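Biologist: Please take a close look at the sheet in this model and go through how its strands pair. A plain account will do.

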Amino acid sequence: MPKTWEFASYNLLSLFSPAVGLEHLHCDMKRGFTKARKRELQVAELLQKDNIHQRIGILAQRGIYEFYQTSLIADGKDAIAQIAEVLHLSQEVDVVQTKVIQILENYQSNQFLADKKIIKLSRGDEGFPEPILIQQGNNTFNLYAAMDCVLQEEDGVLHIIDFKTGKSDFDRRQAYIYLLAASYIYPQQKAVASFYNLETCQQSERITASSSILKSFQIELSLLSQRHQKDLYRYRRNFDDFNRIFPPNPGVSCRYCAFNSMCKFAITEAVA
């Protein structure tokens with residue numbers, strides 16, 4: 001079977017189109033740096049660096065994972081210290097240490113996964129998951145969906161949970177991608193999805209999707225994968241067209257962009 005180059009994921013979807021209400025922060029040039037120029041030395045170095053929010057998220061999820069490696073550690077008085085040592089938390093900057101410790105303390109006092117039948121629990125640093133090959137019409141693409149946690153509830157329904165940190169809102173589109181992936185991985189089981197913020201201990205509503213919603217979402221992802229590959233092909237044919245293929249949207253989001261140090265369109269001063 002020939003290799004399938006086209007792919008889709010929530011990350012790619014978010015790089016194409018932001019969640020509702022965040023349109024003013026969207027910049028397609030970020031997709032260009034991340035996907036088209038990722039092998040350039042300067043870009044690759046920036047991509048390898050986690051910002052503070054990303055670092056907190058990765059370590060927080062790893063900490064939750066460590067809680068379940070032994071039944072003795074979860075309720076022990078020294079559990080937080082033990083996990084912090086496993087995470088090498090002392091090597092992180094102060095703000096990361098403080099936030100992760102807070103998350104671990106929150107979780108120890110409210111272990112929402114306790115006594116649950118855990119089908120899958122991710123460490124958060126495993127890298128790309130195995131892709132799901134999807135045939136949509138005449139197009140074939142790989143779907144990547146990294147699920148943080150999958151539970152089996154008492155009625156047999158699979159519950160997919162995505163861990164969050166910080167103040168970012170939940171994006172239902174991400175839940176639909178998980179549910180679409182679940183329909184291929186666990187075709188005989190019903191599934192729901194939700195988000196859980198490890199800092200605020202707040203959980204979203206349980207999100208479901210009918211077969212028609214999943215089908216329409218699959219079609220959208222198929223079209224997205226095709227458009228992205230066409231953009232990559234155009235760029236490789238003419239590198240000078242970078243800013244036309246991936247147009248910039250300079251503004252307040254430049255202050256938080258990983259590529260503002262090398263982007264000629266970046267606005268680094270405060271934007272009113």
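Modeller: Phe-7 has Asn-142 of strand E4 as its bridge partner. That bridge belongs to the pairing of E1 (residues 7–9) with E4 (residues 139–144), which is parallel and runs over 3 bridges. Two strands are called paired if DSSP finds at least two bridges between them; strands (E, at least two residues) and helices (H or I, at least four) are DSSP runs, numbered from the N terminus. The model is predicted: local features need pLDDT of at least 70, side-chain atom pairs count only at pLDDT 80 or more, and totals for chains, interfaces and linings use all residues. Residues are numbered from 1 along each chain as its sequence is written, and side-chain values use heavy atoms, with hydrogens and water left out.

E4 also pairs with E3 (residues 132–136), here in the antiparallel sense and over 5 bridges. Within this pairing, Ile-134 lies opposite Phe-141, and Gln-135 lies opposite Thr-140. A hairpin is formed by E3 and E4, with 2 residues between them. Gly-137, in the turn, has a positive phi of about 60°.

Together the 3 strands make an open sheet in the order E1-E4-E3, with mixed pairing. E1 and E3 are the edge strands, each pairing on one side only. From one strand to the next the twist averages 35°, with axes fitted as lines to C-alpha atoms (for helices over the stretch in contact) and angles between N-to-C directions running from 0 to 180 degrees. Helix H7 (residues 172–185) packs on the sheet and touches E1, E3 and E4, contact being heavy atoms within 4.5 Å. The direction of H7 makes about 95° with that of E3.
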